[in-house]
Amino acid sequence: MSILGLHKPSWLLLIVLWLLTSSTAFADTRSLVLVTSETSPALELSGKEIRWLFMGLPVVKAGQRIEPLINATTPLVYEVFLQKVIYMSAQNYERRLVVRAFRLGGRRPEKYDNQVTLLRNLRENPNAVTFMWQDDAQRQAKIKIVTELWSGKIK
Amino acid sequence: MVWKNKITAVCNSICGTLTGRLVAGMVIIHLLLLPLLVGAVFYLVKEGYETQFIEHLRSTSPLYAQMIRAEDEEPVLVASLDEILLSGQVTFVELETLDNRLIRSSLENSEEAFNEDFFFGQNGDQTYNIEVLVQDADGDPFATLRLGYSEQMTLRHIERTYWNGIVISAGYFILSTLFVVIISIILTRSIRQIGETSQAIAQGELEQTFAVQTNIGEVSQLVDNLERMRMTLLQDRQEIHDREVRIQAIVDNMAEGVISTDEHGVVESINQAAEQIFGYRSDEIIGNNIAMLISESSRVNYDEYVRDYLCSGIAKITCLDALEVMGRRKDGQNFPLEVAVSELTLGGRRVLSGILRDITEQAAQKAQLEHQATHDGLTCLPNRTLCLDRLQQMLARSQRDQLNSALMMLDLNLFKNVNDTYGHHYGDALLKAVAERLQTVTRGSDTVARIGGDEFVILLPGQNDEGAISVAENILDIIRKPFNIMGQSLKIGTSIGIALYPQHGEDESCLMRHADEAMYKAKRQHLGYYLSGSDEKLNNKSV
């Protein structure tokens with residue numbers, strides 16, 4: 001029997017493919033991690049400190065101020081960071097950073113939308129930290145994972 | 001194809017007007033730019049709503065997590081979850097402890113799988129799911145709070161904004177189109193007024209002013225310039241009119257007639273003097289050929305002149321000297337006309353202009369003078385000059401036609417006595433009577449001339465000796481009869497000498513001499529007439 005020119009086996013294959021690509025079937029488990037240069041000294045940061053750091057507040061470890069680098073190379077990694085670490089929307093976060101910089105002085109954390117530039121600055125500055133997917137971090141040379149920020153399923 | 005032509009015609013008519021072009025341009029611009037603008041606004045509004053929504057849930061979800069305390073028992077936790085669910089914006093809530101124990105609200109029991117969202121509208125379930133770690137007093141996480149925020153309200157806001165935006169855009173489009181139409185009508189009203197006034201001026205109504213009120217600088221400047229131009233045209237027209245009136249007055253008051261024609265002779269204009277000369281009104285002549293004003297006798301020459309002129313382009317008829325032709329009046333009377341023709345070029349075409357003079361009086365005076373120069377004033381007979389001229393012509397004709405001709409010379413007998421007795425008045429009257437009688441016995445082709453005093457000459461072309469003698473005898477008979485001059489009966493006689501051509505000479509002087517000699521012989525011998533060179537027996541008519 002054929003329907004619309006397709007035989008039964010073909011229809012079954014289509015149904016299976018649809019199921020596999022449906023939202024309920026596909027959800028990757030990904031981890032967002034904090035990374036730094038491999039030449040950096042050992043670093044321990046709590047969740048609160050990490051949040052303060054990326055909110056533009058000074059965090060000093062071993063006499064060195066930690067410099068946060070914001071990874072906006074993909075929208076997903078940036079939104080996960082905002083939702084899981086900052087608990088704000090992008091507009092509100094950037095506005096808070098600007099206001100804080102004007103009020104308290106200092107510089108806003110640098111935001112990078114180019115991964116090459118981000119990684120180069122990260123490697124050159126032993127006091128710098130940023131966030132990225134764990135699988136990306138494991139592929140990159142000369143950087144090390146400080147701590148896991150979040151892990152969960154993403155569709 | 002028909003529809004295509006109709007659409008093309010409509011487009012052409014629309015784009016043919018300023019209003020149409022303005023509206024069409026505005027429509028095109030809006031059709032191009034309005035979707036961009038509206039789309040950009042919609043995007044920004046949507047982004048704003050979504051960001052606001054995400055901001056809210058990301059900032060409130062940690063607060064909800066703080067409501068959960070590690071030391072609470074499950075009923076308390078359920079109550080806390082119920083409170084969270086009753087907040088209105090949360091549509092799903094569950095708590096998962098570290099030992100994977102799920103605690104849910106008692107108000108809702110959704111079995112849908114929880115997938116955390118990081119973007120608005122992710123997963124397409126109209127619910128934004130978020131997980132928050134619940135921490136105890138020491139800051140250590142002990143559970144995960146899962147919340148589901150409904151996106152429907154935000155979606156409804158976005159949708160309502162879309163529709164409002166579309167309605168407002170459509171209203172803006174309609175209103176702007178309407179405004180453009182109104183503005184273009186206002187704008188073009190002044191231009192239309194300018195056009196109407198210009199059209200009236202073009203039709204000769206130079207008195208129409210450009211009374212256009214406008215605040216548009218360029219149009220106002222145009223109106224000022226056009227008004228200045230109109231005043232200049234009006235001034236020029238007045239000058240031209242005055243000049244025309246002046247020239248027309250000069251032409252109309254000329255004593256001579258002035259007629260202008262085209263190169264084919266069609267009359268284009270005529271002045272009052274010409275009307276009076278020919279007896280026509282101007283409307284009776286204008287448009288007709290000038291040949292109607294020329295007599296038949298002169299028309300051949302006129303036609304020849306015109307033909308030569310049109311063929312060669314050389315205006316032979318144009319000259320400084322006047323020509324004499326015979327004109328023809330309206331009543332058919334022919335009269336002598338003096339014409340001086342000149343040619344001019346007007347607007348690239350040839351125009352002939354003629355100045356005409358009625359020379360009837362001059363011709364009559366001329367004829368009178370000529371008559372006086374060739375005729376005897378007393379008897380009106382040809383005088384010696386004319387007589388000799390006619391004698392010449394008679395001899396030439398006789399020679400050509402091989403004919404005889406006769407010349408008679410007459411002398412009146414006893415004329416001196418009449419003068420002496422009665423005076424010159426009687427003598428003059430007698431001479432006039434003699435002249436009349438002589439003409440009664442001669443033919444019309446004969447010439448009776450008075451060459452002096454009481455001497456007469458008679459030319460008889462075509463006459464031989466017998467004919468001449470017969471005429472002589474008739475003359476003798478008629479002269480012999482008494483003349484009644486002012487109550488006096490006077491009797492005279494005449495002596496006639498006859499000379500014949502070619503017998504007695506072939507030239508004037510020879511014939512005259514023979515005739516004169518014959519006359520004297522007739523007078524001496526008291527003969528009535530004497531034929532020159534003849535026997536005396538033939539001349540036996542005594543007086």
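Predicted model: local features only at pLDDT ≥ 70, side-chain atom pairs only at ≥ 80, totals over all residues.
**View 1. A salt bridge links the two chains, E116(B) to K84(A).** How many salt bridges does the rule find across the interface of chain B and chain A? The count is two. There are polar contacts to look for here as well: the rule finds 10 residue pairs of that kind across the interface.

**View 2. Here is the side of chain B that touches chain A, with helix 2 (18-67) and strand 3 of chain B among its contributors.** These are the elements that each give two or more residues to this side of chain B. Helix 2 of chain B has the largest share, with six residues. Sort the residues on this side by class and you get six nonpolar, six polar and five charged ones.

**View 3. Chain B and chain A bury about 1,500 Å² between them.** If you're wondering about that unit, the size of an interface is often given as the accessible area lost when the parts come together. Of the buried area, 51% lies on carbon and sulfur atoms. Which three residues supply more than any other three of the area that chain B buries against chain A? They are E55(B), R58(B) and F118(B), which together supply 42% of it. In terms of contacts, 17 residues of chain B meet 16 residues of chain A.

**View 4. Four strands of chain B make an open sheet.** Read across it and the order is 2-1-4-3, with antiparallel pairing. Strand 2 (102-104) and strand 3 of chain B stand at the edges with a single partner strand each, so one side of each has no neighbour in the sheet. On average, neighbouring strands are turned by 20 degrees against each other, ignoring direction.

**View 5. Strand 1 (residues 90-97) of chain B meets strand 2 of chain B through three bridges.** The two strands run antiparallel, and one pair to look for is L95(B) with its bridge partner I103(B). Helix 3 (residues 74-85) of chain B packs on the sheet, where it touches strand 1, strand 2 and strand 4 of chain B. The direction of helix 3 makes about 155 degrees with that of strand 1 of chain B.

**View 6. Strand 3 (residues 127-135) and strand 4 (residues 141-150) of chain B pair up over nine bridges.** Their pairing is antiparallel. Look for N129(B), whose bridge partner in strand 4 of chain B is G148(B). Five residues sit between the strands of this hairpin, and G139(B) takes a positive phi near 85 degrees.

Note on methods. Residues numbered from 1 in each chain as written. Chains lettered and ligands numbered in written order. Heavy atoms only, no water. Pairing = 2+ DSSP bridges. Axes fitted to C-alpha atoms, helices over the stretch in contact; angles between N-to-C directions. Contact = heavy atoms within 4.5 Å. Buried area = accessible area lost by both parts, 1.4 Å probe. Salt bridge = Lys/Arg side-chain N within 4 Å of Asp/Glu carboxyl O. Polar contact = N/O pair within 3.5 Å; in protein donor to acceptor, adjacent residues only side chain to side chain. Nonpolar A, V, L, I, M, F, W, Y, C, P; charged D, E, K, R; others polar.
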